Amino acid sequence: MAASATNSLRAAVLADSDTRWKWGALTAQRVAPAGAAVRLDGYLLRGRATPTPRQLTEVGVRADSLREVSAAEFLHGLRQDTAAEPYDLLVLALVGGGVQAVLHGLRHTWQGAARRPVVVTGYVGVVYEKLTDGLLLRHGADLVLANSRQDAERFRAVYEGVGADAAAVTEAALPFLGGAPYTGAHDPYTVVFAAQPSVPESRRDRAYLLERLIRHARLHPGREVLLKLRSKPGEHTTHIEELPYQKLARRLTLPPNLRLVHGHMGEVLDRTDLLVTVSSTAALEALHRRVPTAVLTDLGVREALGNHHFTGSGCLASWDRLDAGYRPVPEEDWLARQGVAPGGAPAGPGTPGEDAYATAFDEAREKIAGLLGERGALPPLAPYYTPTTAPGYLPGLLARHHLGPDGAPLPGAPAAGREPGAVRRTLRRAARGAYRHGVQRVAPVIRRMGEL
């Protein structure tokens, strides 16, 4: 029976990193029909970025159950679930290739099923690269969520431009915006630099940003300056971080008012007076709360950095200007198009801005409620990529997840239906640790040797 009839909703989220788990779990809660009690089961796709217990704790999103799986194990579990009590909602919070593989796997799994869940996917933050590639890999879900009006327009244009059905594109917003609005300077005045795992990429650029942060702290000894880190050494996030800032900082003498911190970004923003970043999604979180926000131009305004997304925002600034006391003022029209503090009102509990933000998910809720009412008549998933439209591309994507061209598990796929033994779990942890060691220690050395 549909969730709207029982006032409950059974949801599953399949995620491949800490940030995507956060996006997926919060999205499931945001798009549930009004008043529905949500039971949330979490599945973490086994891979290089599978979050650690510490990362999951830092994200702060709880699930009724949480387990690590391969794609084949996940699909096998859904096949058993469909025969018993199927999920109402399935959120795919994965990189594009993972979404495409699972969509084809689901199409095969649900052949002949009387009912199937509503399938939702989208993006965890700012979409500034591989727009067409990423979107076509997500095509086939019942809903492809866009985090803003601007993204919704771009998404529809891409689908229509290749002759794909664009009806799934649904305007919403980032599900993790919110928190107390900024009301004025704290004591001490606090500047936060939001680090990113892969932007910028080179050692020189990352060392430059760290040096400028240190210089800012020394120029303003009365300020508290925080370097907000994404992960600890050995952990991976959505993007690979070869040169963690904490590693670069070990060889430097930091001023007493500069600290390196982890933790939930929302809690850090509670005490922030100026958020500085290259292009982190944290900028949108800060802008939603009306925290003064600066997007750095020191390394240029370039697609490779992602800060080109903020052209027209009024937030672009250099460290020289920030050192001199400049505080950017955002453009209201730009904010509205990005789904940030919609309506031009300060965002916060009980304010018009927060109310407007809550309505950003109404279209998704209405679509999902309608689809839940038609569960027995939902058509098979129909991705744009098929063995006919992309015979030189799709099979390789599916094979990475041990799936054949028709979405069926390949012979020799990881065993499904039983928990791995202690030896297998130990080997997995060792292999993942070796991979991360290679990325963060061996690869940079090889790269430097190649530049000699």
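The structure is a predicted model, in which local features need pLDDT of at least 70 and side-chain atom pairs count only at pLDDT 80 or more, while totals for chains, interfaces and linings use all residues. Residues are numbered from 1 along each chain as its sequence is written, and side-chain values use heavy atoms, with hydrogens and water left out.

Helices (H or I, at least four residues) and strands (E, at least two) are DSSP runs numbered from the N terminus. Seven strands form an open sheet in the order E3-E2-E1-E4-E5-E6-E7, and their pairing is parallel; two strands pair if DSSP finds at least two bridges between them. Axes are here lines fitted to C-alpha atoms, for helices over the stretch in contact, and angles run from 0 to 180 degrees between N-to-C directions.

Strand E2 (residues 37-45) runs parallel to E3 and is joined to it by five bridges. Within the sheet, Leu-44 stands opposite Glu-68 in E3. Strand E4 pairs with E1 in the parallel sense over five bridges, and Leu-89 in E4 is the bridge partner of Ala-11. Four bridges join E4 to E5, and these two strands also run parallel. Leu-89 stands opposite Val-118 in E5. From E4 the chain passes through helix H5 (residues 96-109) to E5 in a right-handed β-α-β crossover; a crossover is right-handed if, with the strands pointing away from the viewer, the path from the first strand over the helix to the second runs clockwise.

Helix H7 (residues 149-161) lies across strand E6 (143-146) and E7, and runs at about 170° to E7. Helix H15 (residues 362-372) packs on the sheet as well, touching strand E1 (8-15), strand E4 (89-93), strand E5 (118-121), E6 and E7, and its direction makes about 135° with that of E7. Contact means heavy atoms within 4.5 Å.

Helix H7 also meets helix H6 (residues 131-138): the two axes come within 10 Å and cross at roughly 75°. H6 and H7 are therefore roughly perpendicular to each other (angles under 35 degrees count as roughly parallel, over 145 as roughly antiparallel, 65 to 115 as roughly perpendicular and the rest as oblique). Leu-131, Thr-132, Leu-135, Leu-136 and Arg-138 of H6 make this contact with Arg-154, Phe-155, Val-158 and Tyr-159 of H7. By class, the contact of H6 with H7 has six nonpolar, one polar and two charged residues, where Ala, Val, Leu, Ile, Met, Phe, Trp, Tyr, Cys and Pro count as nonpolar, Asp, Glu, Lys and Arg as charged, and the others, Gly among them, as polar.

Two further buried residues were examined. Glu-224 lies in strand E9 (residues 224-228) and counts as buried because its relative accessibility is 18%. Leaving aside neighbours within four places in sequence, Glu-224 is in contact with Pro-188, Tyr-189, Thr-190, Val-191, Asn-257, Arg-259 and Arg-271. Ala-390 is located in the loop between H15 and helix H16 (394-399), and its relative accessibility of 8% makes it buried. Not counting residues up to four places away in sequence, Ala-390 touches Tyr-385 and Pro-395.

Most residues other than glycine have a negative phi, and most peptide bonds are trans. Pro-188, in the loop between E7 and strand E8 (190-194), is joined to Asp-187 by a cis peptide bond with omega of about 5°. A cis peptide bond also joins Val-199 and Pro-200, with omega of about -10°; Pro-200 is placed in the loop between E8 and helix H8 (203-219). Arg-290, in the loop between helix H11 (282-288) and strand E12 (293-296), has a positive phi near 65°. With a relative accessible area of 21%, Arg-290 is partly exposed. His-402 has a positive phi of about 60° and is found in the loop between H16 and helix H17 (422-450). His-402 is partly exposed, its relative accessible area being 35%.

Methods. Buried means under 20% relative accessible area, exposed over 50%, partly exposed in between (1.4 Å probe, protein chains only).
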